[in-house]
Amino acid sequence: NKVVVIGLGYVGLPTAAIMANAGIEVHGVDVNPATLQVLNAGGCPIGEPEVVKLVTGALASGRLKASDTPVTSDVFIICVPTPITDEKRADVSIVRAATRTLAKYVKKGDLIILESTSPVGTTEHTVGEELAAQGFDIREDLDLCYCPERVFPGSTISEIVENDRIIGGLTPRAAARASALYARFCTGGLLETASATAEFSKLMENTYRDVNIALANVFGHIAEASGIDVNDAITLANRHPRVNVHKPGPGVGGHCIPVDPWFLIDGFPEQTGLLLQSRLINDGQPHHLWARVKRVSGAIGKVAILGAAYRGNLDDARDTPAEHLIHALKADGVGYAVHDPHVSKFRLHCGQEVPVNTDLAQTLDGADAAIIMTDHSAYRGLGPEAFAGMSGKLIADGRNLVDRCALSAAGFTVIPVGA
Ligand code: SAJ
């Protein structure tokens with residue numbers, strides 16, 4: 001009746017807290033001293049209110065504990081990051097290191113579950129290999145599973161509890177055992193399959209979204225070239241019962257959608273031309289928007305970037321499209337200031353920390369152009385008063401949020417996406 005969770009990040013920590021609140025004794029493990037310090041003081045390192053409530057409650061109940069080392073247990077769940085390298089290769093070294101750490105605490109008969117989004121074959125070949133190195137027969141002695149998370153940041157708890165969950169067992173016995181565990185805190189369907197099928201399915205879900213967003217962005221380019229408003233056309237197309245065109249925008253961010261398709265591209269280069277093209281289209285969107293701004297005005301010294309978060313109303317700036325825009329501005333020697341109501345700073349991949357202002361008027365002060373990158377509610381419907389402090393009158397609206405009519409009437413040039 002005890003579960004060890006390795007990795008107390010955006011997925012591991014909420015999962016640990018949900019299990020603790022379902023009456024399971026949970027021992028969380030993390031290598032980050034700052035995370036452990038906050039948790040051991042009874043706090044929560046993630047800001048989402050529902051998560052804070054559940055984590056602090058679980059800690060107070062004594063059923064959730066956190067440290068930097070595992071303990072013996074019957075069940076281990078791995079929720080660590082699976083990044084891509086600068087060369088866009090899948091990096092499963094953290095999964096390997098986590099498995100090596102927990103392998104010392106594993107005994108015959110234990111259930112080991114991987115939740116991290118991973119290349120096809122990781123459960124059997126990376127996790128399995130490390131456990132086999134300890135002398136285990138990974139089919140006979142242990143139950144090994146891949147059960148991917150499907151968390152949509154911003155609604156973490158309800159997504160973990162209510163979504164259907166894929167349960168991929170290396171053996172049917174392993175899948176049945178993991179199902180029984182998830183049934184204790186998940187109300188969604190528990191869909192048993194093989195581990196490799198589950199790994200592929202998870203990658204399919206996020207790749208489907210990336211390719212569809214790329215398609216929407218291409219429709220946006222066509223609309224821009226033809227003078228039609230893409231949003232009107234999409235609204236009409238989506239009235240077809242089998243069509244769901246996604247939203248064009250200023251790029252695709254987050255730690256999942258811009259990363260996961262690379263796992264398939266890396267593993268299956270000959271089969272994934274469409275996926276590669278989609279990745280390039282979506283990563284090119286911030287550059288595309290900046291190129292359109294430059295076509296309207298060649299004399300821009302300072303840009304105000306509105307939105308550091310990768311998606312609206314989140315405080316999460318990981319892999320934000322704003323990073324691509326910053327690189328484009330730097331390459332052209334253009335200065336920038338960043339505004340976000342929810343983010344105070346973020347770090348670029350090169351290590352540079354970018355300060356973020358939470359005061360919109362201060363950020364816009366003296367800017368020649370404003371570029372809206374994030375669909376925060378705070379930007380919806382903004383009119384001329386909001387942009388009054390700018391030096392220039394140019395707004396690129398990457399999310400089609402501002403009051404285009406009022407701004408045009410006040411002499412602003414607004415560049416929308418897909419129109
Ligand atoms: N975006 C668009 N147009 C759209 C939809 C999204 O430009 O039509 C952009 C967003 O603004 C954002 C990026 O794409 O920059 C990614 O956002 P997202 O809404 O696709 O979601 P994520 O990355 O927060 O979470 C995704 C979800 N996956 C799917 O919807 C298939 C979530 O359910 C997964 O659990 C999560 O990835 C994950 O952890 O894998």
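Tutor: Start with one definition. A residue is buried if 20 or more other C-beta atoms lie within 10 Å of its own, exposed if 12 or fewer, and partly exposed in between. Keep in mind that this is a predicted model.

Student: Which residues of α1 are buried?

Tutor: G12, L13, P14, T15, A16, A17, I18, M19 and A20.

Student: What do the buried residues of α1 pack against?

Tutor: Both strands and helices. The strands are β1 (2–6), β2 (25–29), β3 (64–67) and β4 (75–78). The helices are α3 (49–61) and α6 (156–162). Look just after α1 too: G23 takes a positive phi of about 95 degrees there.

Student: Let me step back. How many helices and strands are in the chain?

Tutor: The chain has 14 helices and 15 strands. Its radius of gyration is 23 Å, close to the 22 Å that the globule rule gives for 419 residues, so the chain is as compact as a globular protein of that length. Along its principal axes, the C-alpha trace spans about 70 × 50 × 40 Å.

Student: What percentage of the residues count as buried?

Tutor: Of the 419 residues, 48%. Residues 24 or more positions apart account for 69% of them.

Student: How is a pair of packed helices described?

Tutor: By the angle between their axes and the distance between the axes. Here, take helix α8 (residues 195–226) and helix α9 (residues 230–237). Their axes come within 9 Å and cross at roughly 130 degrees. That makes α8 oblique to α9.

Student: Which residues make the contact?

Tutor: From α8, F219, G220 and A223. From α9, V230, A233 and I234. The residues of this contact divide into 5 nonpolar, 1 polar and no charged.

Student: And the loops? Where does P45 lie?

Tutor: P45 lies in the loop between α2 (33–40) and α3. It is partly exposed, with 19 other C-beta atoms within 10 Å. Leave aside residues up to four places away in sequence, and P45 touches T35 and V38. Then compare sequence with space. P45 and G9 are 36 residues apart in sequence, yet 8.6 Å apart in space, C-alpha to C-alpha.

Student: You mentioned positive phi. What is phi of N313 near?

Tutor: Near 60 degrees, a positive value in a residue other than glycine. N313 sits in the loop between β9 (302–306) and α12 (321–331). D319 is placed in the loop between β9 and α12 as well. D319 has a positive phi of about 50 degrees, although it is not a glycine.

Student: Is D319 buried or exposed?

Tutor: Count the neighbours. D319 has 21 C-beta neighbours inside 10 Å, so it counts as buried. N313 has 13 and counts as partly exposed.

Student: Last one. Which residues does UniProt list for the C-terminal domain?

Tutor: The unreviewed UniProt entry lists residues 304–404 as "domain: UDP-glucose/GDP-mannose dehydrogenase C-terminal". In the model, the end C-alpha atoms of residues 304–404 lie 18 Å apart. The span is 17% helix and 22% strand.

Key
Residues numbered from 1 in each chain as written. Predicted model: local features only at pLDDT ≥ 70, side-chain atom pairs only at ≥ 80, totals over all residues. Helix = DSSP H or I, 4+ residues; strand = E, 2+ residues; numbered from the N terminus. Rg over C-alpha atoms; globule rule 2.2 N^0.38 Å. Contact = placed C-beta atoms within 7 Å. UniProt positions renumbered as here; feature names shortened; annotations may be inferred. Axes fitted to C-alpha atoms, helices over the stretch in contact; angles between N-to-C directions. Parallel < 35°, antiparallel > 145°, perpendicular 65-115°, else oblique. Nonpolar A, V, L, I, M, F, W, Y, C, P; charged D, E, K, R; others polar.
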